Amino acid sequence: MAEDTAIFHSTRATTPTCTAKQAIRQGIAEDGGLFVADTLGSTRYDISKLQGKSYQEIAKDILQILLPDYSQEELSDCVKLAYADQWSNSDITPIRQLGNTRDFVMELFHGPTCAFKDVALQMLPQLMSRSQNKTEKSESNNNQNVMILTATSGDTGKAALAGFADVPGTSMVTFYPEGKVSRVQELQMTTQAGKNVQVCAVRGNFDDAQTGVKQIFTNSELNKNIEESSNTELSSANSINVGRLVPQVVYYFAAYKQLVERKAIALGDEVEFCVPTGNFGDILAGYYAKMLGLPVKHLIVASNSNNVLFDFLVSGTYNRQRPFHHTVAPSMDILVSSNLERMLYYMCDKDTRLIQMLMNDLAQWGAFEIPENVLAKIRAIFGCGWANEDQIREAISDCWNKYKYVIDPHTACGYFVMQHIPHDENAPRVLLSTASPYKFPRVVAEALGLKNVQNMDDFQCMDALSEATGTKAPSMLRELENKTPRFTDVIDISQMPSYVQTQANNFAK
């Protein structure tokens, strides 16, 4: 292993170690922990080099730091394919100013599925397809398939399906909670083309599905059976996979570059980011950016009524034993925020024994409590707030009335929090807009007070929203109306392991 190769290991143990390529291919550590690299922060990115660079050039620079065992040529190829003409905006993640304020919105929804997950999930298949070194290929079966397993609360599933569809050497199974995603989100998944993809609803919520996927990864007997019967290795496209997380770091630097170019800040000025998040991956990428040298003053966590992260950041106690709310922002309907474990690892001074104890408490008792000194370190960087259902709707209306800007319910959580949390007025704030409002047309149309919404289907709501606001529904969403679902399977959580075994065998035929 080269001396300059980042050594990844589990958050719960320092051994065994692996390269970035191995971590991406494996997805999750064998002990259930998440892969981290102790080199994070040892190399800083010179922000003076941002100016004049394209998104693609910035992406190559950042990924070279975080995934150093990929060659420059490999990363160039990955970036070229991931951020090409499948994006409707050449800036990939453009920022918009809200009126004459110091508040900006970074639009992360210009990819092929109209959600922020595209930024990472157009990249992950490229990283995955190059994740075997030449020496590894010569020692193993070149025909081994990587099956991607993903649990989704709405957006990850479609973005991953679109990224991995018909990618050689891969297959994919996506699980989503039955009846708990928007109609548009469901149709995006169930109509997905591709010979190597499968979609299945599960009876339960997102946390149930995500836990089921994690248990499959750590079921050594099942993994062995799948490998022997179908020559298939399991991996993940959720943000538990480090290859899914690190591409998201790039757009924080891209936002900063745009602010400097607009003269909203001078080079070196600090910026606050407000991030709607449930699984903590999107905002953790901001923490990684800060560790790489981006002048991040604060990272603000915005939650919906499933405000487990808010309570944790206020009290230091994480407790998932609480009512689960089905909200108008379904992609944030999460009570087990997997990526929090990575942040805790770094904030706990890389104490793997403490992380293991905390995660054991979470698994056994449904809760854990962190030491006060660790909470103080976290709160120095992370702020928090949350919005209930009425406040989300009010935020959508307020943003339109004040700025003639249409936002989706998840972005509205962040908008509400950003408007109500104290901040340094000298530091501009960037709100991460995670999805097109047309993915949730009924909620947005109702919030804007459009007439007769209750008598419309989602596609009629799209048309009404377009007419009322002068915006246009993305064609890939509007055209879903005439598509017939390919996938109709619905199973219990307990059936997930056998379902995965069956699909692995089917794809191997």
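Me: Which residue of S8 does Val146 stand opposite?

Reply: Strands of a sheet pair through backbone hydrogen bonds, either parallel or antiparallel. Here Val146 stands opposite Glu233 in S8, and strand S5 (residues 145–151) pairs with S8 in the parallel sense over five bridges; two strands count as paired if DSSP finds at least two bridges between them. Helices (H or I, at least four residues) and strands (E, at least two) are DSSP runs, numbered from the N terminus. Please keep in mind that this is a predicted model, in which local features need pLDDT of at least 70 and side-chain atom pairs count only at pLDDT 80 or more, while totals for chains, interfaces and linings use all residues. Residues are numbered from 1 along each chain as its sequence is written, and side-chain values use heavy atoms, with hydrogens and water left out.

Me: In what order do the five strands of the open sheet stand?

Reply: The order is S8-S5-S6-S7-S15, with parallel pairing. Strand S8 (232–236) and strand S15 (490–492) are at the edges with a single partner strand each, so one side of each has no neighbour in the sheet. From one strand to the next the twist averages 30 degrees.

Me: How do I read the packing of two helices, such as H2 and H3?

Reply: Two packed helices are described by the angle between their axes and the distance between the axes. Axes are lines fitted to C-alpha atoms, for helices over the stretch in contact, and angles run from 0 to 180 degrees between N-to-C directions. The axes of helix H2 (residues 55–66) and helix H3 (residues 72–82) come within 10 Å and cross at roughly 140 degrees. H2 and H3 are therefore oblique to each other, since angles under 35 degrees count as roughly parallel, over 145 as roughly antiparallel, 65 to 115 as roughly perpendicular and the rest as oblique.

Me: Which residues of H2 and H3 make the contact?

Reply: With contact meaning heavy atoms within 4.5 Å, H2 contributes Gln56, Ala59, Lys60, Leu63 and Gln64, and H3 contributes Gln72, Leu75, Ser76 and Val79.

Me: What describes the ring pair of Tyr45 and Phe253?

Reply: A pair of aromatic rings is described by the distance of the centres and the angle of the planes. Rings of Phe, Tyr and Trp (its six-membered ring) pair if their centres lie within 6.5 Å, and planes under 30 degrees apart count as stacked, over 60 as edge-to-face and the rest as tilted. The structure holds 14 aromatic pairs; in the pair of Tyr45 and Phe253, the centres are 5.5 Å apart and the planes at 85 degrees, so the pair is edge-to-face.
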